[in-house]
Amino acid sequence: MAKLLKNGRILGEDGTLQKVDILIDKDLITAVETEISVEAHEVIDLNAKAIFPGFVDLHVHLREPGGEYKETIATGTMAAARGGYTTIAAMPNTRPVPDTKEQIEWLNQRILETGNVRVLPYASITIRELGKEMTNFKELANAGAFAFTDDGVGVQDASMMLQAMKEAASINKAIVAHCEENTLINKGSVHEGEFSKKMGLNGIPSVCEAVHIARDVLLAEAAGAHYHVCHISTKESVRVVRDAKRAGIRVTAEVTPHHLLLSDQDIPGLDTNYKMNPPLRGIEDKKALIEGLLDGTIDFIATDHAPHSEAEKSESIELAPFGIVGLETAFPLLYTHFVETGIISLKDLVDNLAKKPCEVFGLPYGTLHVGAKADITIVDLEHTEKIDPESFLSKGKNTPFANWECKGWPVMTIVNGEVAWKREE
């Protein structure tokens, strides 16, 4: 059942887009050439649109089980497909938490039945993410856990974190960390900075994150573990990660589109669509994140897609939950504000969304080489439209980017050789 993609454009080694045809047989790419003339079951004329390796987002909240009113595996993976993502990793802050072999097996079966893209489930580091008792890493890994994290909360006990890192290292898995020192959170709902002072709100200080990362990189060094920092947000955190890499410690980090695009000075008022954790930091932090991404201190981009209901986000800024959605807007936002402005090349952006997450975690995706899985994202780089949350396929509409006009929208996403989503003409 061969599928032939005709007249697309692929990124060459020099970063330019070059005309190409791609032949897919079942779930694999079998040819990538300037011109392919073979009989195929299906021929798709791409009319010079860009062909990228399927995007990979290793930080997504699907909410199922327990939070289906916010998102399900079906809706979250359809939102991923619309955003050009072919592989995502699901965070474990669900109810119940995937902290047993049975829960991971149930989750993988549910993904098989209802998922629209590939989903890699995280298991929690501690039982129910309570930070009191470790899960059985080996049993969870054998059941199909991708890596281990208590995302949403930081592991506060240093002894337990060291034990977790040693256990993860012994089975060649990563510890993925939400970094917050709880004694420094200060019951904040936004960053401790100009906005919090102006609005009279408790602020979350930058040191809350950086001090936790500093502790953990030293624990990772002692354990010989791969330690990955979720959604890095402060200039101090970037400095700690940079210094740790220079020291040869196996630390990696991700950054979100919203932390690259916004600072606390962009928050228009008590709008909960700007409330996320970690919070939007200061302008100097935003500059440091961009610099860290460009110099390789930060390894790749992840969305931290975190859907909430409208009722929850209608609460006051102190009471509303943290988090915004991001799967369906990441590429057009980043292409418009970083590639079109010359801050980053198109090739580097695509690498940060596809190739680099796979390299960091040893995943066999993120490439268009012959023999690779046919995970492909087709993008119309000329198409411009405004972000409309009501058009989202995610149940979550909580975004600070409503009505932003962006260029470069995905039009088709292929997963394992099959069209997972296609833009309606």
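Does D304 count as buried or exposed, and which residues is it in contact with, leaving aside its neighbours within four places in sequence?

Modeller: D304 counts as buried, because its relative accessibility is 10%; buried means under 20% relative accessible area, exposed over 50%, and partly exposed in between, with a 1.4 Å probe and protein chains only. The model is a predicted one, in which local features need pLDDT of at least 70 and side-chain atom pairs count only at pLDDT 80 or more, while totals for chains, interfaces and linings use all residues. Residues are numbered from 1 along each chain as its sequence is written, and side-chain values use heavy atoms, with hydrogens and water left out.

UniProt lists D304 as "active site" in an unreviewed entry. Positions from that record are in the numbering used here, feature names are shortened, and annotations may be inferred rather than shown by experiment. D304 sits in the loop between strand 14 (300-301) and helix 10 (310-313); helices (H or I, at least four residues) and strands (E, at least two) are DSSP runs, numbered from the N terminus. Apart from neighbours within four places in sequence, its contacts are H59, H61, H231, T256, N277 and I324, where contact means heavy atoms within 4.5 Å. The side chains of D304 and H61 form a polar contact of 3.0 Å. Such a contact is a pair of N or O atoms within 3.5 Å; within protein, one must be able to donate a hydrogen and the other to accept it, and residues adjacent in sequence count only if both atoms are side-chain atoms.

H61 leads on to the annotated binding residues. Under "binding site", the unreviewed UniProt entry lists H61, L62, R63, N93, N277, H308, F322 and G323. Of these, H61, R63, N93, N277, H308, F322 and G323 are included in the lining of the second largest pocket. On a 1 Å grid over the protein atoms alone, a pocket is an open set of points where a 1.4 Å probe fits, with protein on both sides within 12 Å along at least five of seven lines, whereas in a cavity the probe cannot get out; lining residues have an atom within 4 Å of a point.

N93 belongs to the loop between strand 7 (85-90) and helix 2 (101-114). N93 is partly exposed, at 24% relative accessibility. Its side chain makes a polar contact of 2.9 Å with the side chain of H61. Beyond neighbours within four places in sequence, N93 is in contact with H61, R63, E129 and D151.

N277 is located in the loop between helix 8 (257-261) and helix 9. N277 counts as buried, at 15% relative accessibility. With residues up to four places away in sequence not counted, N277 touches H178, E180, H231, D304, F322 and G323. A polar contact of 3.4 Å links the side chains of N277 and E180.

The record also places a "binding site" feature, from an unreviewed entry, at D151, H178 and H231. Although these residues are spread over 81 residues of sequence, they cluster in space, with a largest C-alpha distance of 10.3 Å. The lining of the second largest pocket includes D151, H178 and H231.

D151 occupies the loop between helix 3 (137-142) and helix 4 (158-170), and its relative accessible area of 2% makes it buried. Not counting residues up to four places away in sequence, D151 touches H59, H61, M91, N93, E129, H178, C230 and H231. The side chain of D151 is in polar contact with that of H59, at 3.1 Å.

H178 lies in the loop between strand 9 (174-177) and strand 10 (190-191), and it is buried, with a relative accessible area of 5%. Residues up to four places away in sequence again being left out, H178 touches D151, G152, V153, G154, C230, H231 and N277.
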